[in-house]
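Try each task before you read its solution.

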Amino acid sequence: MQLFLILGISFALLSVMFALQNNVPVTVTLLIWRFDSSLAVVLLIALACGAFVAAMVSSPAMIRGSWANSRQRRRITELESEQSQKARQISELESEVARLTPPAPAGDVEKKPYVGLKALITGNKDGSKDA
């Protein structure tokens, strides 16, 4: 954006310098309208009209972009609040599940010893070599 501003100011300064160096009187005629002035004034008026037309042509696109940007920011805010609400619900549900789940009995569970593959194949449950 700043680059465009610098380029625009530079172009305007060059245009003014060109117009001031060309101060020959000219006559501009459009249909029944007639205008006598110096070339500098005519060039500056033409430059101003061109800038005005360019601004009017680019305004709708800039306005649409601004509206789209504001809609997207609003949607992002909504999604972030929804995400935080869902995270809060998840933490509440996890705490509820932890509260409702009964604790496992500590000493009542009997662990079965590991039975190796060789014992399963030979049929020995105690793992001895006597068959």
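**Exercise 1: contacts and overall layout**

Find what share of the contacts with a separation of 6 or more comes from residues 24 or more positions apart, then list the order of elements.

*Solution.* In this predicted model, residues 24 or more positions apart supply 17% of the protein chain's contacts with a separation of 6 or more. Next, count the elements: the chain has 3 helices and 2 strands. Reading from the N terminus gives α-β-β-α-α. Finally, check burial: of the 131 residues, 5% are buried.

**Exercise 2: a helix pair**

Work out how α1 and α2 are oriented to each other.

*Solution.* Start with the ranges: α1 covers residues 2–21 and α2 covers residues 39–100. Their axes lie 8 Å apart, at an angle of about 155°. Angles over 145 degrees count as roughly antiparallel, so α1 and α2 are roughly antiparallel. The crossing of α1 past α2 is right-handed.

**Exercise 3: an aromatic pair**

Classify the ring arrangement of W33 and F35.

*Solution.* The structure has 1 aromatic pair. The ring centres of W33 and F35 are 5.6 Å apart, with planes at 10°. Planes under 30 degrees apart count as stacked, so this pair is stacked. As for accessibility, W33 is partly exposed at 47%, and F35 is partly exposed at 28%.

Note on methods: Residues numbered from 1 in each chain as written. Predicted model: local features only at pLDDT ≥ 70, side-chain atom pairs only at ≥ 80, totals over all residues. Heavy atoms only, no water. Phe/Tyr/Trp six-rings, centres within 6.5 Å; stacked < 30°, edge-to-face > 60°. Buried < 20%, exposed > 50% of the residue type's maximum accessible area, 1.4 Å probe, protein only. Axes fitted to C-alpha atoms, helices over the stretch in contact; angles between N-to-C directions. Helix = DSSP H or I, 4+ residues; strand = E, 2+ residues; numbered from the N terminus. Parallel < 35°, antiparallel > 145°, perpendicular 65-115°, else oblique. Left-handed = near helix turned anticlockwise from the far one by under 90°. Contact = heavy atoms within 4.5 Å.
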